[in-house]
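Please keep the sequence and the three-dimensional view at hand while reading.

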Amino acid sequence: MKKVLGALLLGATIVSAFIAYGMYTNHSAKQTAAIEQKQAAKKAEKKTEKKKTPVLKVEDLTYQLKDSRTGQVMKEFKPVHYKDKDVYDQEIKQLASDLAKGIDTPMQNIKMDANGSLTGGSKQIILKEAELVKNLQNLNTKQLDVKVPIYETAPNVTAASAQGIADVSLASYSTRFRPSDTSRNRNVQLSAEAINNVILGPGDSFSYNQTVGERTAERGYQPAPEIINKQLVMGIGGGICQTSSTLFNAIDGAGLQVTARSHHSKHVGYVPAGRDATVSWGGPDFKFTNNKDYPVIIKAYANVNTGVLTVDVRTSQHAI
């Protein structure tokens, strides 16, 4: 009987153990499933968050174009066509050109007065359009400030460097005009006076239009024949191209660097063919740079009695 009872007790114990193990296993499985379910839910939540976070694009942002000299904002710019390279390049080149028109200022050269003192002069201001275009081509989403590269260059002349500057002639050139043509001669005379005694230091640039200024009746310029589209027509300031052409031949003889020159649409008689330099206000300009390592002075004189215009490029004896 005891053996039977013992066997029954052992069997009950084994059954209880199996039941307990089954219950534990089932509970553990439920816990594991719950953990896995939570982890899956977190992953899904992260994916959803990623989908909700917008991806920044250059074309969606607004950039501030800042003056490289002062840091001031010049313009706000939204590059909506950034992905369309051809359209975008055209757009930013036009933008650079428009900004430059309001910034670029030619150098106003220093002059020597009748007492030998230096007078006038103002710095050249240039917006480097190609550099700005490059900056706008390389936009990113982290830097919203864009540098507008603006450079200033003051005339490179001092009282010391101008000592004895008119001592030696580097090159001189003369042209002739009719003394009887008083209106035209007055224009030649006025433009010669405008360029007379201009001093260019090493690296300084010269603009004929900037130096002579606008040719108007209020400034004393007279109606005289000028060449337009191969025709002689009357215009205020006719004849000033003789001054610019005479100047060209003088500075070319002195070895200075010509940076802008245009020909007339028909031959002019005061210089050989191909040796002219036509100019007009708001149109063609005659420009050059002093590429020497010493300053030079321009001497110009129109003798209305003899009908001779002379331009002489000079410097100091010790400079050469």
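In this briefing, two residues are in contact when heavy atoms of theirs lie within 4.5 Å. The model described here is a predicted one. Its chain contains 6 helices and 16 strands. Of its 320 residues, 36% count as buried. Among contacts between residues at least 6 apart in sequence, 67% join residues at least 24 apart.

**Packing of helices α4 and α6**

- Two packed helices are described by the angle between their axes and by the distance between those axes.
- Helix α4 covers residues 182-195 and helix α6 covers residues 240-254; the two pack at an angle of about 45 degrees, and their axes are 7 Å apart.
- An angle of about 45 degrees therefore makes α4 oblique to α6.
- The crossing in which α4 passes α6 is right-handed.
- On the α4 side, the contact involves Arg184, Asn187, Val188, Ser191, Ala192 and Ile195, which meet Ile240, Gln242, Thr243 and Leu247 of α6.
- By class, the residues of this contact between α4 and α6 comprise 5 nonpolar, 4 polar and 1 charged.

**Packing of helices α2 and α3**

- Helices α2 and α3 pack at an angle of about 140 degrees, with 9 Å between their axes.
- That angle makes α2 oblique to α3.
- Here, too, a right-handed crossing is found, with α2 passing α3.
- From α2, the contact draws on Tyr88, Asp89, Ile92, Lys93, Leu95, Ala96, Ser97, Leu99 and Ala100; from α3, it draws on Glu129, Leu132, Val133, Leu136 and Gln137.
- The contact of α2 with α3 has 9 nonpolar, 2 polar and 3 charged residues.

**The two sides of helix α3**

- Which residues of helix α3 (residues 129-137) are buried? They are Leu132, Val133 and Leu136.

**Residues at either end of helix α4**

- Ser180 lies in the loop between strand β8 (168-176) and α4.
- Is Ser180 buried or exposed? Its relative accessibility is 61%, so Ser180 counts as exposed.
- Ser180 and Gly307 are 127 residues apart along the chain, and their C-alpha atoms are separated by 8.7 Å.
- Asn197 is located in the loop between α4 and strand β9 (198-200).
- Although Asn197 is not a glycine, its phi is positive, at about 70 degrees.
- Asn197 has a relative accessibility of 14% and therefore counts as buried.

- Val168 belongs to strand β8.
- With a relative accessible area of 16%, Val168 is buried, because the term applies under 20%.
- Leaving aside neighbours within four places in sequence, Val168 is in contact with Val313, Arg314, Thr315, Ser316, Gln317 and Ile320.
- The C-alpha atoms of Val168 and His318 are separated by 9.4 Å, while the two residues are 150 apart along the chain.

Technical notes. Residues are numbered from 1 along each chain as its sequence is written. This is a predicted model: local features need pLDDT of at least 70, side-chain atom pairs count only at pLDDT 80 or more; totals for chains, interfaces and linings use all residues. Side-chain values use heavy atoms; hydrogens and water are left out. Axes are lines fitted to C-alpha atoms, for helices over the stretch in contact, and angles run from 0 to 180 degrees between N-to-C directions. Helices (H or I, at least four residues) and strands (E, at least two) are DSSP runs, numbered from the N terminus. Angles under 35 degrees count as roughly parallel, over 145 as roughly antiparallel, 65 to 115 as roughly perpendicular and the rest as oblique. A crossing is left-handed if the near helix is turned anticlockwise from the far one by less than a right angle, and right-handed if clockwise. Ala, Val, Leu, Ile, Met, Phe, Trp, Tyr, Cys and Pro count as nonpolar, Asp, Glu, Lys and Arg as charged, and the others, Gly among them, as polar. Buried means under 20% relative accessible area, exposed over 50%, partly exposed in between (1.4 Å probe, protein chains only).
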